[in-house]
Number of protein chains: 2
Amino acid sequence: MTEAQPLYAKVKDHILAQIRNGVWEPGARVPSENQLVESFSVSRMTANRALRELTAEGFLSRVPGVGTFVKETPARSSLMELRNIAEEIAQRGHRYSARIMARGEIEANPALAEEFEAKLSDRLFHIVIVHEENGVPVQLEDRYVSAAVVPDFMAQDFSSMTPTAYLLACAPVDELEHTVEASLPTHDQQRLLGIGALEPCLVLRRRSWSRGAVVTAVTLTYPASRYALYSRYRTSERGTLSQ
Amino acid sequence: MTEAQPLYAKVKDHILAQIRNGVWEPGARVPSENQLVESFSVSRMTANRALRELTAEGFLSRVPGVGTFVKETPARSSLMELRNIAEEIAQRGHRYSARIMARGEIEANPALAEEFEAKLSDRLFHIVIVHEENGVPVQLEDRYVSAAVVPDFMAQDFSSMTPTAYLLACAPVDELEHTVEASLPTHDQQRLLGIGALEPCLVLRRRSWSRGAVVTAVTLTYPASRYALYSRYRTSERGTLSQ
DNA sequence: GAAAGTATACTGTATATACAACCTTATACA
DNA sequence: TGTATAAGGTTGTATATACAGTATACTTTC
């Protein structure tokens, strides 16, 4: 967990933490490169790299001759909010249930290592859950979790709290990646979801990052006839839409 | 227009150009830092910055002790942004083309009237376009547009400017609704997209509002094998990092 | 008092140098 | 033949140094 971290990453983390904890509000001035040189005992190039990367990542804005400032970040709603499927079903007045079909701890294979931006020897938790609405399977969750980031993951009781909810409570998400595609179900998926071979499925893949590390990678499979993804939101004043 | 460009930017541009022009295919090896030092007469730190930034931007992948390689970039579309499919395809260095399969003006039927929150007598434009990447259909666009909001819609030449781009220029979007589902293609869709009956499709439905009125309702159908929806963003950041 | 000049602080870029970690390949040895 | 070992190339990080460009505050000059 406590890996040897490069110096520039330590500086980045410190600044990000101040922003996340609200110590430095949007618009606030961030220490100059020379001040960071003093307080962290690093070279100016190292401080510069930390500030430059945070700027490229959208957290800061810099003005030559003036200083560095926390960027204004209006809230954005997204198509893919991290919604809790249990709550969602309950909200519709239906009965939620879950069946855990598999759980274990494995070593990362090459594909998983790349997905987690980690090494081959790293350990991952794996869990397969079928989520049901009124007893009918509506979502197949196939999830890998970094054991380094969330060591206590397996101790949880996922019939009472969904993995999504638990992970959100453990590690603040600061980056999300989604891929949505359509596919016909495999034999396993047909069996677990109780659907036919010709029923198309939505497949949503999500990776989430916390403090620069991949926390979890999950594949959610929805039978098309029982589920659709939906979102509706207002765009902010300045507009989140690019052409 | 030829601005004074930093050296690291010149190196970046050169590498990007080779990738965009297809000189360096995905997976191909990129010159090492020391080779760039030689050919560009820069210091290794400058070459390193160029390669590091291109890696952060998703164009390259680097392996310590081995080398730097052009990253594979699968066909993906951003979920959150209203992006122009023509630009998206061009950005991948591929050829974009479009075929208009139908266009006309109709009166709203009950279903459409409800969708547009309008009256039955209201007039709507209808257009069906097949978007192609390197001559292969990748998206079927079935769009209705409010004639009241965008009276000049039909006067446009949609082989040179996509409807999305035109509508964005006409009416600022202040609300968006998305639905994503999976389905098997209808006969018409099979014919228009040139796919088989067993190829599942992603179906994205979008409604957009401007000044309280529905501007357009569109159904986009993507063959699963040729396209996936993609988004990646930082939760505290404004712009989507689509790459 | 206003304009011009000056000092200072800050960011942006570029270089030379150094060392660590990693991977591949060739070589020496058992 | 198989196994260590060494060598060389590659990326990753860190430092010290230098100079350019920009904005602000202060001082001088008219």
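## Basis of the model

This is a predicted model, in which local features need pLDDT of at least 70, side-chain atom pairs count only at pLDDT 80 or more, and totals for chains, interfaces and linings use all residues. Residues are numbered from 1 along each chain as its sequence is written, chains are lettered from A and ligands numbered from 1 in the order in which they are written, and side-chain values use heavy atoms, with hydrogens and water left out.

## DNA strand C

DNA strand C is surrounded by 25 residues, where a residue is near a strand if one of its heavy atoms lies within 4 Å of it; the closest are A:Arg44, A:Arg62, A:Thr68, B:Leu7 and B:Thr46. Of the atoms of DNA strand C that come within 4 Å of the protein, 67% belong to sugar and phosphate. By class, the residues of this surface are 11 nonpolar, nine polar and five charged (Ala, Val, Leu, Ile, Met, Phe, Trp, Tyr, Cys and Pro count as nonpolar, Asp, Glu, Lys and Arg as charged, and the others, Gly among them, as polar).

Three side chains make polar contacts, that is, pairs of N or O atoms within 3.5 Å, with phosphate oxygens of DNA strand C: A:Arg62 at 2.6 Å, A:Thr68 at 2.8 Å and B:Thr46 at 2.7 Å. The elements that give two or more residues to this surface are helix H3 (44-56), strand S2 (60-63) and strand S3 (67-70) of chain A, together with helix H1 (7-20) and helix H3 (44-56) of chain B; helices (H or I, at least four residues) and strands (E, at least two) are DSSP runs, numbered from the N terminus. H3(B) gives the most, with four residues.

## DNA strand D

Around DNA strand D there are 25 residues, of which A:Leu7, A:Thr46, B:Arg44, B:Arg62 and B:Thr68 come nearest. H3(A) gives the most to the surface near DNA strand D, with four residues.

## The sheets

In chain A, an open sheet of three strands has the order S1-S3-S2, with antiparallel pairing. Strand S1 (29-30) and S2 of chain A stand at the edges with a single partner strand each, so one side of each is left without a neighbour in the sheet. S2(A) and S3(A) pair over four bridges (two strands pair if DSSP finds at least two bridges between them).

In chain B, S3(B) pairs in the antiparallel sense with strand S1 (residues 29-30) over two bridges and with strand S2 (residues 60-63) over four bridges. B:Val30 stands opposite B:Thr68, and B:Leu60 stands opposite B:Val70. S2(B) and S3(B) form a hairpin with three residues between them, and B:Gly65 in the turn has a positive phi of about 85°.

## The nonpolar core

The largest nonpolar core has 26 residues, and those with the most contacts inside it are A:Val180, A:Leu202, B:Val180 and B:Leu202. Such a core is a set of buried Ala, Val, Leu, Ile, Met, Phe, Trp, Tyr and Cys residues joined through side-chain atoms within 4.5 Å, where buried means under 20% relative accessible area (1.4 Å probe, protein chains only). Among the elements that give two or more residues to this core are helix H4 (85-91) of chain A and helix H4 (85-91) of chain B.

Technical notes:
Polar contact = N/O pair within 3.5 Å; in protein donor to acceptor, adjacent residues only side chain to side chain. Buried < 20%, exposed > 50% of the residue type's maximum accessible area, 1.4 Å probe, protein only.
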